Amino acid sequence: KIKITSVTLSANITEIAANAFRGCTALTEINFNEGLSKIGSWAFGNTKLVKVEFPDTLKSIGIYSFYNITTLEQVDFAKIEKIDGNAFANCTALCSTVTNNVLEIPETVTTVGANAFQNCKSIKRLYWYAVKLTSGGAGNMENPAFKGCTALAQVRIYAPAKNIPSYFCYRAGRSIVLLTFNGTPVVETIGDYAFYQHRIQTLTLPDTVKKVGRETFRNNNLLKSITFGANTATVEKLCFSFCNSL
């Protein structure tokens, strides 16, 4: 019985189909080729990969494609556009060897699916650059993208990000204490439930923010101060309800 431990893809491969390496429990290394554009569902699920560096040509990662790889520590997303549901769910070591345990979502991303990073319990900081992603593009109310990321303590929003999607860090585990807008912010909307039930203590919204969604900061019971930007026109219902320390 052959146990595959390492894979190097040839230059002519453009797609890895569904289940291609699923369950190869000895597989610890994959070398992707420039020209690869798509990884199918469950392609590397339940393997033992440690580090993944995607080529710039890769645009789409299918559902469950890297599911339950408890050894996976680092991912370089390059210019990825679509991260489908449960793509990295149960990758409990993800970001554990990255400086400051940071997960960076690049500006090219347009979709982050339901439960995409569920139970990635080693992520402590999330740096968000996505510019094309709409306000509803990070999972849904039942299965938000970062559900169960219980160590996530800091979120930084960087230009060119224009939207913080609905359910962004909903059900992540009441762990976020710091939300910042870095560089020269261009954020215009913060979606519904995005930071529901966390531990943010102070909040300063940049002047670019026009709308804050429904129940966005509800139950942040350590929140003591809010500074609104000059152009915030809409604060939806229940946005700051039960922020008892205000």
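## Asn219 and the ground rules

At 17% relative accessibility, Asn219 lands in the buried class (buried is under 20% relative accessible area, exposed is over 50%, and partly exposed is in between, using a 1.4 Å probe and protein chains only). Its phi is near 65°, a positive value in a residue other than glycine. Asn219 belongs to the loop between β17 and β18 (225-227); helices (H or I, at least four residues) and strands (E, at least two) are DSSP runs, numbered from the N terminus.

Keep in mind that this is a predicted model, where local features need pLDDT of at least 70 and side-chain atom pairs count only at pLDDT 80 or more, while totals for chains, interfaces and linings use all residues. Residues are numbered from 1 along each chain as its sequence is written, and side-chain values use heavy atoms, with hydrogens and water left out.

Strands β15 (residues 189-190) and β17 (residues 211-212) are joined in the parallel sense over 2 bridges. Ile190 has Val212 in β17 as its bridge partner.

## Tyr170 and its contacts

Tyr170 sits in the loop between β13 and β14 and is buried, with a relative accessible area of 12%. Leaving out residues up to four places away in sequence, Tyr170 touches Met141, Pro144, Lys147, Tyr193, Ala194 and Tyr196 (contact means heavy atoms within 4.5 Å). For scale, the C-alpha atoms of Tyr170 and Ile16 are separated by 32 Å, and these residues are 154 apart along the chain.

## Rings and a charge

A pair of aromatic rings is described by the distance of the centres and the angle of the planes. The rule takes rings of Phe, Tyr and Trp (its six-membered ring) with centres within 6.5 Å, calling planes under 30 degrees apart stacked, over 60 edge-to-face and the rest tilted. That gives a count of 27 aromatic pairs. Tyr193 and Tyr196 make a tilted one, at 5.8 Å centre to centre and 40° between the planes. Both Tyr193 and Tyr196 are buried.

Over at Trp42, the charged end of Arg22 sits over the ring, 3.7 Å from its centre (that calls for NZ of Lys or CZ of Arg within 6 Å of the ring centre and within 35 degrees of the ring normal).

Ala159 and Pro160 are joined by a cis peptide bond, with omega about 20°. Pro160 is in the loop between β12 and β13.

Tyr64 also has a positive phi, near 60°, in a residue other than glycine. Tyr64 lies in the loop between β6 (60-61) and β7 (74-76) and is partly exposed, with a relative accessible area of 25%.

Methods. Two strands pair if DSSP finds at least two bridges between them.
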